Amino acid sequence: MAWRLAADALVVIHLGFILFVLLGGLLLLLWPRLIWLHLPAVAWGIVVECLHLGCPLTPWENQMRGMAGQAGYDGGFIEHYLIPLIYPAGLTPQIQIWLGAIVVLVNLTVYAWLIWRWRNKA
């Protein structure tokens, strides 16, 4: 049971990181110093998607699921609702490139707006 909970927690952390990469720039409005965490996270997200690298959290999660005696992601809220968001069916290298491009565009837009806002404040 503990391994399953640990694997489920890792999926939630994984999803949180993905959301932070995609939308974390908005948090800079409240906490500008967060930029030092967000920029490396965005860089990692872009590299992983564009170079088709596997996330190190995925094998770790699968190892914990195996230790919990689970064969897959069937059953439970987290497996049913969050896993398809992180690992969509039919994910191809071309789709990963598009996902990486979306991460770049969203963050460029947010950062451009923030820079404009910071310059106009001064």
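Start with the largest nonpolar core, and select Phe20, Val21, Leu28, Leu34, Ile35, Ala41, Val42, Val103, Val110, Tyr111 and Leu114, its 11 residues. A nonpolar core here is a set of buried Ala, Val, Leu, Ile, Met, Phe, Trp, Tyr and Cys residues joined through side-chain atoms within 4.5 Å. Buried means under 20% relative accessible area, exposed means over 50%, and partly exposed lies in between (1.4 Å probe, protein chains only). Colour the selection by helix: α1, α2 and α5 each supply at least two residues of this core. The most comes from α5, with 4 residues.

This is a predicted model, in which local features need pLDDT of at least 70 and side-chain atom pairs count only at pLDDT 80 or more, while totals for chains, interfaces and linings use all residues. Residues are numbered from 1 along each chain as its sequence is written, and side-chain values use heavy atoms, with hydrogens and water left out.

**The whole chain**

Zoom out and show the protein chain as a cartoon. Its secondary structure comes to 5 helices and 0 strands; helices (H or I, at least four residues) and strands (E, at least two) are DSSP runs, numbered from the N terminus. Of the 122 residues in the protein chain, buried ones make up 30%. The chain exposes about 8100 Å², and carbon and sulfur atoms supply 74% of that area. Accessible areas come from the Shrake-Rupley method with a 1.4 Å probe; for residues, only the protein chains shown count as cover. Among contacts between residues at least 6 apart in sequence, 74% join residues at least 24 apart. Contact means heavy atoms within 4.5 Å.

**Helix α1**

Now select residues 2–23. This is helix α1, with 22 residues, and the distance from its first C-alpha to its last is 31 Å, close to the 32 Å expected at 1.5 Å a residue. The expected span is 1.5 Å times one less than the number of residues. Show side chains along α1: Ala7, Asp8, Leu10, Val11, His14, Leu15, Phe20 and Val21 are buried.

**The salt bridges**

The structure holds 3 salt bridges, a salt bridge being a side-chain nitrogen of Lys or Arg within 4 Å of a carboxyl oxygen of Asp or Glu. Side chains of opposite charge can pair when their charged atoms come close.

Go through the pairs in turn. Arginine 4 forms a salt bridge with aspartate 8, with 3.9 Å between the closest N and O atoms. Both lie in helix α1, 4 residues apart, about one turn of the helix. Arginine 4 is partly exposed, at 26% relative accessible area, whereas aspartate 8 counts as buried, at 8%.

Arginine 65 also forms a salt bridge with aspartate 8, and here the closest N and O atoms are 2.9 Å apart. Arginine 65 lies in helix α3 (residues 57–67) and aspartate 8 in helix α1, so the pair ties together parts that are 57 residues apart in sequence.

The remaining pair to inspect is glutamate 61 with arginine 65, whose closest N and O atoms are 3.0 Å apart. These residues are 4 apart in helix α3, about one helical turn. Glutamate 61 is buried at 1% relative accessibility, and arginine 65 is buried at 3%. Salt bridges that share partners join Arg4, Asp8, Glu61 and Arg65 into one network.

**Along helix α5**

Move to asparagine 107, in helix α5. Asparagine 107 is buried, with a relative accessible area of 4%. Which residues does asparagine 107 touch, not counting those up to four places away in sequence? They are Val21, Leu22, Gly25, His38 and Val42.

Next select valine 110. Leaving aside neighbours within four places in sequence, valine 110 is in contact with Gly25 and Leu26. Leucine 26 lies in the loop between α1 and α2 (35–50), and is partly exposed at 44% relative accessible area.

Continue to tryptophan 118, also in helix α5 and partly exposed, at 33% relative accessibility. Beyond its neighbours within four places in sequence, tryptophan 118 is in contact with Leu28 and Pro32. The C-alpha atoms of tryptophan 118 and leucine 29 are separated by 9.8 Å, though these residues are 89 apart along the chain.

**The surface patch**

Finish with the surface turned on. Leu19, Leu23, Leu26, Leu27, Leu29, Leu30, Trp31, Trp113 and Trp116 form a nonpolar patch with about 930 Å² of accessible area together. The elements giving two or more residues to this patch are α1 and α5 (93–121). Patches are made of residues with over 30% relative accessible area and no salt bridge; like charges are joined within 9 Å, nonpolar side chains (Val, Leu, Ile, Met, Phe, Trp, Tyr) within 5 Å.
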